[in-house]
Amino acid sequence: MTALTDDTLPATPRAMRDEIIVFVIMALMLAAVPFTGIYPFFVMQALCFALVACAFNLLIGYGGLLSFGHAMFLGTAGYCSAHALKVWGLEPLLGVLVGTAAACALAVITGYISIRRQGIYFAMITLALSQLLYFIYLQTPFTHGEDGIQGIPQGMMLGFLDLSKPTVLYYVVLAGFLAGFLLIFRTINSPFGEVLKSIRENEQRAISLGYKTDQYKLLAFILSGTIAGFAGALKVFVAQNASLTDVHWTMSGEIVLMTLIGGLGTVFGPVVGAFVIIAMQQYLAGYGQWVTVIQGAIFVSCVLLFRRGLIGEIAHLLKRSL
Amino acid sequence: MKTRFIASLLLTTALTVAAAGHASADDKVVKIGSLSDQSGLYADLGGPGSTLAAQMAIEDSGLTGKGWKIDLISGDHQNKPDVGANLARQWIDVDKVDAIVDVPNSGVALAVNNVVKEKNSIMLNSGAGTSDLTNAQCTPNTIHWTYDTYTLAHGTGSALAKAGGDTWFFLTADYAFGAAIERDTTAAVEAAGGKVLGGVKHPLNTSDFSSFLLQAQASKAKVIGLANAGGDSTNAIKQAAEFGISSGGQKLAALLLFITDVHSLGLNTAQGLSFTETFYWDTNDQTRAFSKRFQERMKNHSMPTMVHAGVYASLLHYFKTLEALGGNPHDGAKVVAKMKELPTDDPLFGKGSIEPNGRTIHPAYLFEVKKPAESKGPWDYYKLVATIPANEAFTPLDKSTCPLLKK
Amino acid sequence: MQALYAQLLVGLINGSFYALLSLGLAVIFGMLNIINFAHGALYMMGAFCAYFLLNLGGLGYWWALIIAPIIVGIFGMILERTLLKWLTGLDHLYGLLLTFGIALIVQGIFQNYFGSSGLPYAIPDELKGGTNLGFMFLPIYRGWVVIFSLVVCIATWFLIEKTRLGAYLRAATENPTLVRAFGINVPRMITLTYGLGVGLAALAGVLSAPINQVRPLMGADLIIVVFAVVVIGGMGSIMGSILTGFALGVIEGLTKYFYPEASNTVVFVLMVLVLLVKPTGLTGRAT
């Protein structure tokens with residue numbers, strides 16, 4: 001790797017300060033959830049998806065690469081964790097690590113294949129790879145195909161955290177989310193992140209400055225896939241099942257939607273987007289497929305009118321970095 | 001149906017909020033959830049019809065007149081186990097549902113089975129087929145109504161094998177139900193002296209069976225067993241006719257078929273098919289009376305399938321049990337244990353009982369689809385070929401692998 | 001051996017659908033640089049159109065073959081005029097996302113009104129029955145599908161590559177300003193091209209209605225395979241898509257015979273391989 005710039009401060013101290021303030025507010029609000037009447041299961045699901053969306057956003061918002069196959073990381077980690085927990089009987093933390101490691105390995109392989117191409121071809125390759133994995137998972141016995149892996153035990157994490165209690169589980173998931181989020185936040189505001197942004201803006205110029213852009217993109221891809229996998233492993237605890245829905249390309253589409261509605265390239269956009277979409281699915285569940293129609297309408301309006309997304313528009317109005 | 005659902009949802013929400021401070025001791029409040037496939041390939045055999053059957057059971061039980069408050073909500077599991085499990089969990093946690101009924105699709109049923117056991121709720125399953133629900137996966141919280149893959153295998157499978165169909169090839173839907181019925185039918189065929197030459201698995205919700213049917217033809221098996229249900233079965237049957245399967249001397253065995261499937265196929269295509277069911281609307285005066293009431297209220301005016309009948313019967317028995325207990329203890333295992341104690345008796349299935357492993361016992365019937373000339377009107381589709389007595393129609397207790405039975 | 005031929009023939013039938021659909025996609029991408037994710041939904045609309053023409057208008061299959069593509073084509077042109085037009089000049093990815101959203105809307109609406117299970121559509125009487133080819137019993141309708149798709153594919157290729165109208169279309173997308181300077185109405189050409197692509201999708205839908213049931217999601221999973229076909233054949237190449245479509249159907253048929261478990265994945269494996277070695281596809285031009 002070429003020499004990194006010595007400037008280790010973020011672009012503007014003020015932007016960093018804004019983002020940290022919002023982060024603290026967000027963490028406090030989320031920590032208070034068990035004391036409000038909100039169904040914790042719903043928030044936990046939203047948190048897992050928020051983390052996946054943040055991971056996806058790292059790739060598109062800061063790396064300029066639209067991956068239409070992120071479901072493969074979610075699903076792979078989910079299945080591997082589920083298998084580790086149910087069949088191998090591993091302790092919860094180890095189970096999560098197994099899932100994350102599986103997603104990381106997958107990211108290395110698929111990243112190596114996909115990074116060679118950009119733009120639309122990159123999106124198509126990730127879509128094809130994800131669909132390839134879907135069909136593989138459909139056939140392999142350990143996933144139980146259409147039935148999925150059910151009844152995953154919640155167990156005791158680290159020997160003392162009883163995950164079958166909703167409140168304990170909630171705080172564990174929240175901790176996981178905040179850890180993942182901070183990792184992404186740190187990556188975006190690091191020299192590595194700056195180089196990524198420059199590659200997104202003008203790859204040729206970055207190459208001419210001496211950066212090996214492919215390596216940076218690959219690293220971003222691996223990081224994005226691993227964190228998405230980590231979120232998928234957490235989700236398995238929450239839902240207690242791992243199924244084909246998590247690997248299907250429509251799940252990738254939902255991840256794109258969450259980030260789009262929240263704001264591509266914003267720090268908090270994906271989190272907001274995930275909560276909006278999950279809330280919509282939850283509370284409009286009685287309306288059947290109108291949810292799909294609404295999601296499609298949101299896609300269309302976001303692409304045509306609100307390309308910056310919710311948080312992006314707010315940030316633009318307030319002239320702050322969010 | 002949707003306005004009723006929304007209205008009942010709003011009403012229940014309001015009442016739940018009002019009743020939030022209620023004591024958790026025995027009360028006369030019951031909430032039922034009808035979880036089904038509302039719009040997919042099993043929507044006709046369960047779906048909105050099951051919600052209607054549940055509604056009719058609530059009305060016919062007479063409990064609302066005796067001061068009980070009974071609410072009904074319905075949901076769509078979309079044939080996805082994770083959606084079904086999440087919905088069941090939410091219904092039990094947030095909406096305080098006491099019993100979940102119907103749940104067709106064996107994969108979803110097994111997933112909900114787990115959730116219901118964990119949360120000490122109740123599942124009265126009338127829609128799913130897998131015999132695992134009363135064998136390896138049995139729980140003290142689930143009762144399996146209507147039929148299971150053992151019934152179908154020992155009804156249709158044995159009958160066809162004994163009648164000369166001694167080599168079989170399976171077209172199996174690749175999920176829990178398909179695997180279960182293939183397994184049970186294989187056992188029945190081999191017990192009758194037949195042989196299974198092979199099989200092919202197809203994804204759930206397949207629309208084009210051409211390549212699978214070609215493989216079935218190539219196997220030269222005398223019987224092609226359709227180990228699938230609903231839309232998959234009807235598509236396979238239609239396309240088998242298109243590819244001239246029967247002209248090659250092979251017979252189609254529809255292992256699970258409902259009256260709604262025969263209706264959508266039409267008698268021309270479906271004539272001669274034989275299969276096992278446990279309820280037919282035209283059996284006696286009581287079934288005819290119920291079916292007529294059902295048909296009038298159904299949006300598409302279809303007759304009740306055995307799944308709908310099962311929802312009705314299971315709920316009637318549930319309410320009878322609650323009345324015997326004097327109140328709703330909101331304790332799933334306790335109510336189910338009491339349900340197993342009381343014998344069942346309803347206008348649709350007649351007298352029967354519930355085994356300790358959660359299996360309801362009553363006779364089953366082998367039907368054959370009439371030729372168009374033999375049918376006197378719409379929905380007059382079946383002729384009775386044989387009656388299978390209750391003790392032969394379901395897994396004998398000594399062969400059951402249910403862990404609850406082991407002392 | 002007989003079983004192999006039978007599977008190959010079935011593969012060829014599937015290949016016809018791949019070819020027709022990828023033809024429409026290739027036309028739209030080659031001419032407009034739009035990745036039309038809505039193609040599957042429009043295919044489905046064609047099938048539903050045929051269903052409605054029969055059940056509401058009493059117009060049979062033969063009428064549907066002509067009318068349905070026109071109706072859906074007009075719908076496509078309206079879409080292009082109102083929505084897609086705003087994306088000219090933007091990154092391709094926005095086109096992908098926009099058409100993905102359109103697909104969700106269309107499929108969701110149909111699912112709400114018609115459920116997810118299929119509506120029946122009968123094979124037209126003239127095409128019922130089958131012939132015994134010796135190695136398999138071929139339903140006449142399926143043979144018709146292969147022949148008709150071949151004819152349509154060749155006709156479209158001819159239209160675009162060999163006629164003057166086709167020349168205008170190709171020129172208009174390569175250098176719109178220059179073509180406009182010649183007095184040709186470029187936006188109208190673009191709209192018409194989109195309509196043509198959409199019409200081809202709808203035609204495939206009508207063809208498929210008697211075989212697969214008419215279902216709201218019938219295009220959703222098919223579209224991913226069709227993307228793979230177009231990418232392998234070359235994103236803008238008409239002949240490439242046609243050939244790849246048929247070839248892929250046959251390859252799938254072969255796989256179903258030798259190694260059935262891989263039949264779903266072979267398309268994607270091929271696509272990944274092609275993208276790594278020759279990203280513009282087998283016969284594509286660089287964009």
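Predicted model: local features only at pLDDT ≥ 70, side-chain atom pairs only at ≥ 80, totals over all residues.
1. As to its overall form, chain B contains 14 helices and 15 strands. The radius of gyration of chain B is 21 Å, close to the 22 Å that the globule rule gives for 407 residues, so chain B is as compact as a globular protein of that length. The C-alpha trace of chain B spans about 70 × 50 × 35 Å along its principal axes, and 59% of the 407 residues of chain B count as buried. If one takes the contacts in chain B between residues at least 6 apart in sequence, 73% of them join residues at least 24 apart.

2. A local feature that the reader may wish to follow in chain B is the pairing of strand β8 (residues 223-227) with strand β9 (residues 251-254), which run parallel and are joined by four bridges. Within this pairing, B:Gly225 has B:Ala253 of β9(B) as its bridge partner. Between the two strands the chain passes from β8(B) through helix α8 (residues 230-242) of chain B to β9(B), and this β-α-β crossover is right-handed.

3. Two backbone angles in chain B deserve a careful look. Most residues other than glycine have a negative phi. B:Val103, however, has a phi near 50°, a positive value in a residue other than glycine, and B:Val103 sits in the loop between β3 (99-102) and α4 of chain B. B:Val103 has 33 other C-beta atoms within 10 Å and therefore counts as buried, the cut-off being 20 or more. Likewise, the phi of B:Thr146 is near 70°, again a positive value in a residue other than glycine. B:Thr146 belongs to the loop between β5 (142-144) and α5 (149-162) of chain B, and B:Thr146 is buried, with 29 other C-beta atoms within 10 Å.

4. Between chains A and B, 14 residues of chain A are in contact with 21 residues of chain B. The side of chain A that touches chain B consists of three nonpolar, nine polar and two charged residues.

5. The contact between chains C and A takes 33 residues from chain C and 34 residues from chain A. On the side of chain C that touches chain A, α4 (92-114), α9 (222-233) and α11 (266-277) of chain C each supply at least two residues, and α4(C) gives the most, with 16 residues. By class, this side of chain C has 24 nonpolar, eight polar and one charged residues.

Terms used:
Residues numbered from 1 in each chain as written. Chains lettered and ligands numbered in written order. Contact = placed C-beta atoms within 7 Å. Nonpolar A, V, L, I, M, F, W, Y, C, P; charged D, E, K, R; others polar. Pairing = 2+ DSSP bridges. Right-handed = clockwise from strand over helix to strand, strands pointing away. Rg over C-alpha atoms; globule rule 2.2 N^0.38 Å. Buried ≥ 20, exposed ≤ 12 C-beta atoms within 10 Å, placed from the backbone.
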